[in-house]
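Reader: I would like some practice in reading a model. Could we go through one together?
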Amino acid sequence: MASLPEIQCPTCQKHFPADPHSPSMPFCSMRCKMVDLNHWFTEEVSLPVHACDDLEQEEEQLPPPSPKEWRFD
Ligand SMILES: [Zn+2]
C-alpha cells in the first residue's frame, strides 16, 4: 500500500494526503475547493462584467460629437 504524498491545501493551508481520486483535489475538502472557486468567480466575473457594463453605458450615454467636430464654416 503506497502512502499518499502530503500536499498543502491552497485554501486553508492544511497538510493532507493527496488523493488523486478525490473530487476536491488539490484541496483538502470540497468546502475548500468551493471557497477557492468562489474567490475566482467573484474576482474574474466582477472585473470583465464591470468593464462591459461601463462600455455599454458609455455608448448609451455618449454625448453628441464634441462641438469642435461640428464645423459650419
Ligand atoms: Zn483546506
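Author: Gladly; we will take the overall fold, the confidence and then one residue. Keep in mind that this model is predicted.

Reader: Which elements does the chain have, and how do they run from the N terminus on?

Author: Start with the order of elements. Here the chain runs β-β-α, with two strands and one helix.

Reader: Which element has the lowest mean pLDDT, and which the highest?

Author: Where pLDDT is low, the predicted coordinates should not be read in detail. In this chain, α1 has the lowest mean among the elements, at 71, while strand β2, residues 15-17, has the highest, at 96. The chain as a whole has a mean pLDDT of 79, and 66% of its residues reach 70 or more.

Reader: Now a single residue. Where is the place of Asp 36, and why is Asp 36 classed as partly exposed?

Author: Asp 36 sits in helix α1, which spans residues 30-61. Asp 36 is partly exposed because 16 other C-beta atoms lie within 10 Å, and the buried class needs 20 or more.

Reader: Leaving aside neighbours within four places in sequence, which residues is Asp 36 in contact with?

Author: Beyond those neighbours, Asp 36 contacts Pro 10, Thr 11 and Phe 27. As for Cys 12, 24 residues away along the chain, its C-alpha atom is 9.9 Å from that of Asp 36.

How values were computed
Residues numbered from 1 in each chain as written. Predicted model: local features only at pLDDT ≥ 70, side-chain atom pairs only at ≥ 80, totals over all residues. Helix = DSSP H or I, 4+ residues; strand = E, 2+ residues; numbered from the N terminus. Buried ≥ 20, exposed ≤ 12 C-beta atoms within 10 Å, placed from the backbone. Contact = placed C-beta atoms within 7 Å. pLDDT = per-residue confidence, 0-100.
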